[in-house]
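Please look over the sequence and the model shown here before reading on. The report is meant for a reader who is new to this structure.

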Amino acid sequence: MAEHQIDDPKIAFAYLRPSCVLLTKEPTVDNVKALSGHLRSVNDGALQQLQDYVLFPLRFVLKTPGSKQEALVQAVMETISYILENTCLRRWESLRELFSELCLCLCSPKDPGKPSPSSEELKLSVLRCIDALLHSAYGDIVFKLYEPSMLPGLGAAVLLLLAIVEQEKARGVQTASLKCLLALFQQCDCVQDHVKMDLNERFLLGRTLATFLPGVSRALSHVIGGDVRQGHAVTVKAMRVWYRSVALVMADEQFEKKDGDNTVAGELERVQELVVKRTPSWRKTTTQRLSVILQKIISYTSAHSHWRVRLELVNLSHVLISQCSQSMGECVGLLLEALVGATNDEESDVKNRCKIVLREVAQRSQSTSGQDFTDVLSENLHSLVSSLPRLMRTTDDQRKLFTLNVFLGYLEILGPKVDMVLTSAVHLERISKALMQVLELDVTDVKIIEDRTLTPSTDLGPDVHQLQPKRKYFLYFTDDKIFFALRKICRMLGYYGNLYLLVDAFMELYKESSVYRKQAALVLNEIIVGAAGIGVEMNDCSTNCFSSNQDEIKSSVVSIIEEYISFNNWHLPTVSEAHGTLDPPSSSLLTNPDKNHLQMLPDSGSPTLHHLNSNIWQISIQLEGIGGFALAIGIDFRLLLMTSLYPVLEKAGDESLLISQSAFSAMCDICKACDYSSPKELVIKNSDYLLNDVSLNLVRSSAHPHAPRVLAVMFAQSDADLLPLVADVVQDVLTALDLNYDQQTPQFCAVLHSLMKAVVRWFPISTEHQKPNNTKSEDCVNLKRFLLDYKKQKELAEGIGVEEEDSDDQDVHPSTSTPDEDMDGPDVKEELPLHVQIAKDVMKRCVHLLSDPSLRIRLKVLDILELCLCVLCEKENELLPMVHQCWPALLHRLISDDPLVIPRAFRVLCVLGDWCGDFLSKPVSQEVLPRLTSSLMKQAEISARSGPIYTHTLAYKLQLAVLQGLGPLCVKLNLMEADLDRISDACLPYLSCRQPIKLQEACLSVFLHLMDVDSDWCWFTLNEIFCPVSYEPPHPHLLPVMLSGSDKPRNEFTDNILKLLKGFDSPQGTR
């Protein structure tokens, strides 16, 4: 289009004149659009000369009395905007009149002080036109807007634009109005060229805007703190208008020149009253008011969800500090706090911009002769720490996070000078007490105590440390980001502060009261880690800090660990009498309380859940600390393993899941620090002094009741190489069990269970000792042997082969006694392998412990017995005598014990059947099966008419366990036909469709196993109940086969019987 535009003003005038005349006569939307289209055909240079001419009809339309269509006014505004965007306004009268006319288009006709209730599109077009007008005005005329004579009109325009920003809901209109304010204050930041002001012009503008500053601040503070649904763009633009107008009015250079002469007094005496005289008292009062507004703005925006708002807060602080540091001295602290809070912002743009601004502020502060920058930061830090507990209790999480980021930012900026701040006793006390209050844990979660039953200590495997660590819950915050910020603060204190001073201060709090103990331990853990430079962003000036503090870290760690593992802080009660007996250390503490140990339980009764939960968390935090200390010291932590590894293993076997998990996590940290590949290598390489401690403590089991836990963890975390080393210790355990039967049986059973699990894992059953399950091949062999025996017996009966049989017998009998056997003398019993001997010794104790009055111990002993059988199965000569010894006690568990014990005992019986076979056929047939079958028959009636809730009862679980194991047991024991009849009679009721589904499935498995024992008997038994087909004789002379089930209709057993009979039709079922 550019090459077709009209360059000659005369031609352009002739071209535009008809449209202008027509629009003046007929002000319609079409005529405005026609003029707008013609204007685009005129060159900018020609349009500049015809500016007043083409503006006249458009302004005439606006001045016409009466109401106008919004579409007409909007079209006029768009046309005027095009003209102003492509030309320059050179006449002051045109600027003044056009500015007034455009502002009137935004006013309400009935109340000019309020915005018009017109459409958003119309308001947006008018605001864009005002913006274009202010950008098109020449510099020598635009500043006449700010002369005292224009104060009323300018004030009305500012008030109108602010009202639109406050009342309008459309974001586009709000943003356009704020952009007009920026252009009106000569602070626009768009890409167009702007007027460059000199000092006098800035002074004039600042003096004029001082009149509007209260209204501007009030309105914009409301907008900034408004609903977040207005969008971040409106908030950012409002902040920019506010701080740029404040920086213009309150700039330091503005007060270097005094407000002079009353040159306008004679001309406009009333207007002169509106002019603000910026005296020192006015500056002081205004600064105080701005400080209140600034505080609100910072509170609104410092924790804003959008990063551009937080970035604009950094720019706000930068502009006001750099331009108004002298005039707004009271606000410098707030501005620094806002900057410091953004140093740890999660958005990199905000963080980087903040660091640049802070570096510039620090350099400017050092170059001036004012108050030292460090002193300002120290005072702000002291003020912040003093209010930290209150802020953490009363504000939301976003505000809390910002407050902590401010704290962290102060430490980062102070850097090595933190040490100077901490030397002040007041500062150190404030910081320590604030951290103690902020980090107070919420210990009301009962699940921490309930978790102890999910993972028993003897079942802990090598991969327990891979579980996610338990989240900590605090009283005064819930967001994990807040806890991470607190950890950074503690690490920063340890990195820059005096380590001895900090450790002493927080150790005093640790010893002072149980209220502070967990928080103090958390802080101490992070201080040591931070002192080693872990998780700390190191500055260039402090790269040598770690190497110089290594000796301090070692000595501090030694003293902290010594306090952590002391008797009063390590052996705390974590289980109440309701869950089990209290640990002996707890009872001894109750009888001999320590005055300084404020966490001791009251003499009146058992510990409360609150105390138990608190103790669990304290031990867990101390274990986390030991792991962190190992990472801080590195390979040198090996020197501390003799004192710290045993307590850690002791807690790895604790019943509490949280404590054991924390202990295993600490073990992994120790492995990483001390260059061990795994916890297994850690245990094996340090087993010498661990076993020494275990052996000594087993002798003094009353004073050291947790030695079995250490041994159990060592078994769980080692391999077969450990067994020769622990052989003597195992004998010590068995001896200690014999001597302390009434007191330490649960602990010793736990360690024996862990031992046998490890032995089974280390020495798996060889394939040659595994029982074959191929019943089909056995049947083939049995059939072949039967036929051969039948042939031989028939020949003998006919007198064939009698002589050969006699000669064979004569040849065989002399060979049964050889001279070699007489020379060898009596047989010498071979020496058993170590693991078999240990299993035999353990099983001997199980024989006696099976009758223990404690239900928990009986269950545990049955588990141990099952593991012992898996080890002894390779030595049948040792297995069968031991089975004979334990049979009476096991029989009592099977027939007259708690419903919880019987299924476990029956599982052991099934294992015995696997390895003993015919050895148990007679006792099982005579003593066990009658009780079990009788119980099954009685319970079948109850389960058949029960509802879904029955599947949660102990009786159901007992039925299911017996039915699931009965079939394999029949096959292994080769029971007689009478026993099979008893079993079938007991199981047949469970083929009913009225029984629970799992009981039906288990019963089906019993009959499938009975088919392997005697398929003909099983087939006949099932057909006696229900026969699906009639068997016709193949020849008329043969009598028909009549089965009892042939004439019976379908019943509740039909479906399951049909499933079983199909097995006879399959190849596997043929005999």
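## Basis of the model

This is a predicted model, in which local features need pLDDT of at least 70 and side-chain atom pairs count only at pLDDT 80 or more, while totals for chains, interfaces and linings use all residues. Residues are numbered from 1 along each chain as its sequence is written, and side-chain values use heavy atoms, with hydrogens and water left out.

## The chain as a whole

The secondary structure comes to 50 helices and 0 strands, taken as DSSP runs numbered from the N terminus (H or I of at least four residues for helices, E of at least two for strands). Of the 1071 residues, 51% count as buried, a term for under 20% relative accessible area with a 1.4 Å probe, protein chains only.

## Helices α21 and α24

The axes of α21 (residues 425–438) and α24 (residues 499–512) come within 11 Å and cross at roughly 50°; axes are lines fitted to C-alpha atoms over the stretch in contact, with angles from 0 to 180 degrees between N-to-C directions. The two helices are therefore oblique to each other, since angles under 35 degrees count as roughly parallel, over 145 as roughly antiparallel, 65 to 115 as roughly perpendicular and the rest as oblique.

## Residue I619

I619 lies in helix α30 (residues 609–633) and is buried, with a relative accessible area of 0%. Leaving aside residues up to four places away in sequence, I619 touches W570, L572, T574, K651 and I659, where contact means heavy atoms within 4.5 Å.

Notes
Buried means under 20% relative accessible area, exposed over 50%, partly exposed in between (1.4 Å probe, protein chains only).
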